[in-house]
Amino acid sequence: MTARFDQGPWAAAGVQTVQPGVHRVPLPLPNDGLHAVNVYLLEDLDDDGGLVMIDGGWAIPEARKTLEEALAAIDRDPGDISHILVTHIHRDHYTHAVELRRLLGSRVYLGAGERPGLEMLDRLRSDQPVGSLRTLRAAGAGELADRIEGMDHGGYDPSVWEAPDRWLGAETLRFGDRELRVVPTPGHTKGHVVFLDERRGLLFSGDHVLPHITPSIGFELAEPGGRPLADYLDSLRLMTRYADARLLPAHGPVTDSAHSRVAELLGHHDDRLAGSLTALGEDTLDAHAVARRLTWTRRAVPFGSLNAFNQMLAVNETAAHLDVLVLREKVAVAFADGVNQYTRVR
Ligand SMILES: [Zn+2]
């Protein structure tokens, strides 16, 4: 199969068989900086049962076509997909699962922590990232929030936001001879879960642990609030309580050790926490002002050269770091005129 993506080998269309009966299939995304989203197809090698799919992809026609070609390459067809386990509610993971269910009758599973957000989305009927926009305004970036609100988000399509067949908690799922432990890992979203196959040493990590990038924290379509970064750091440390496993992420290549990447991500956030404190300095500032004093992405670009969407993620991420510093009593926060103002504790 020829590559249809030029952004990097991991995103090239095709099938990578990670181990017998476990296949990684990158599906295309529209216009997205992430290049592709991996879905995983799990075969039951004992009986000729259905296929379990982990993550669904983004509901675009190119994704379905790429999936159909991948299934043909392993002598399967779409009707074999009996269960779709989705790591979190973001559009690039959930919406295609809902569409496939309509076409194929597959059962869709999603973490129970996503339920309030999904129900709120259903009430709001909005294609705006309402939750993140609210966080953005409290971070002192009202003008940026207005700008994002004025952009075309593609319209709200209720048909791709239908509820799953089953909400998942901390439990073990069995499909034929395969056991998957569901581990709730709030942080990237409130209801993110990972799937751990302990016998085979595989961690299907969704966007919780990514090999090349640091996952955004708390980008919520609906319900804002909570303590996303503190939750995320706890969810990272939780991974080290299980035996190390190969990392099968939703974006990026398969790598050998989930634990080593977890250690890097924890180190990254330690650096960012220290950097946020330094950027705040002796001033009283909102998160937007602190974000403008920091550099962004692995290439350390200034805040001003990010596009509006990434500026939103950057401001909200800064707010999340400052809120962890508040929990650790290194920073104090006061809410005035709808904006959180942070000051270093002396
Ligand atoms: Zn994603």
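Colleague: Before going through the pairs, what counts as a salt bridge here?

Modeller: A salt bridge is a side-chain nitrogen of Lys or Arg within 4 Å of a carboxyl oxygen of Asp or Glu. Side chains of opposite charge can pair when their charged atoms come close. This is a predicted model, and Asp231 with Arg227 is one case: their side chains meet in a salt bridge at 3.1 Å, N to O.

Colleague: Are Asp231 and Arg227 buried, exposed or partly exposed?

Modeller: The cut-offs are under 20% relative accessible area for buried and over 50% for exposed. Asp231 has 23% relative accessibility, so Asp231 counts as partly exposed. Arg227 is at 40% and therefore is partly exposed too.

Colleague: How many salt bridges does a search of the whole structure find?

Modeller: The search finds 24. Among them is the pair of Arg76 and Glu43, whose closest N and O atoms are 3.2 Å apart. This pair links distant parts of the chain, 33 residues apart. Arg76 sits in the loop between helix H1 (61-73) and strand E5 (81-86), while Glu43 sits in the loop between strand E3 (36-42) and strand E4 (51-54). Both Arg76 and Glu43 are buried.

Colleague: Where do Glu68 and Arg64 lie, and how many residues apart are they?

Modeller: Both are in helix H1, 4 residues apart, which is about one turn of the helix. Glu68 has a relative accessible area of 37%, so Glu68 is partly exposed. Arg64, at 29%, is likewise partly exposed.

Colleague: Turning to the nonpolar side, which residues have the most contacts inside the largest nonpolar core?

Modeller: In soluble globular proteins, nonpolar side chains tend to be buried together. In this model the largest nonpolar core has 86 residues, and Leu136 and Trp161 have the most contacts inside it. Helix H9 (residues 308-327) gives the most to this core, with 9 residues.

Colleague: What does Leu136 touch, leaving out residues up to four places away in sequence?

Modeller: With those left out, Leu136 touches Ala141, Leu144, Ala145, Ile148, Met312, Val315 and Asn316.

Colleague: Which residues does the second core include?

Modeller: Leu85, Leu168, Phe175 and Val182 are included in the second core, which is separate and has 19 residues.

Technical notes
Residues numbered from 1 in each chain as written. Predicted model: local features only at pLDDT ≥ 70, side-chain atom pairs only at ≥ 80, totals over all residues. Heavy atoms only, no water. Core = buried A, V, L, I, M, F, W, Y, C linked by side-chain atoms within 4.5 Å. Buried < 20%, exposed > 50% of the residue type's maximum accessible area, 1.4 Å probe, protein only. Helix = DSSP H or I, 4+ residues; strand = E, 2+ residues; numbered from the N terminus. Contact = heavy atoms within 4.5 Å.
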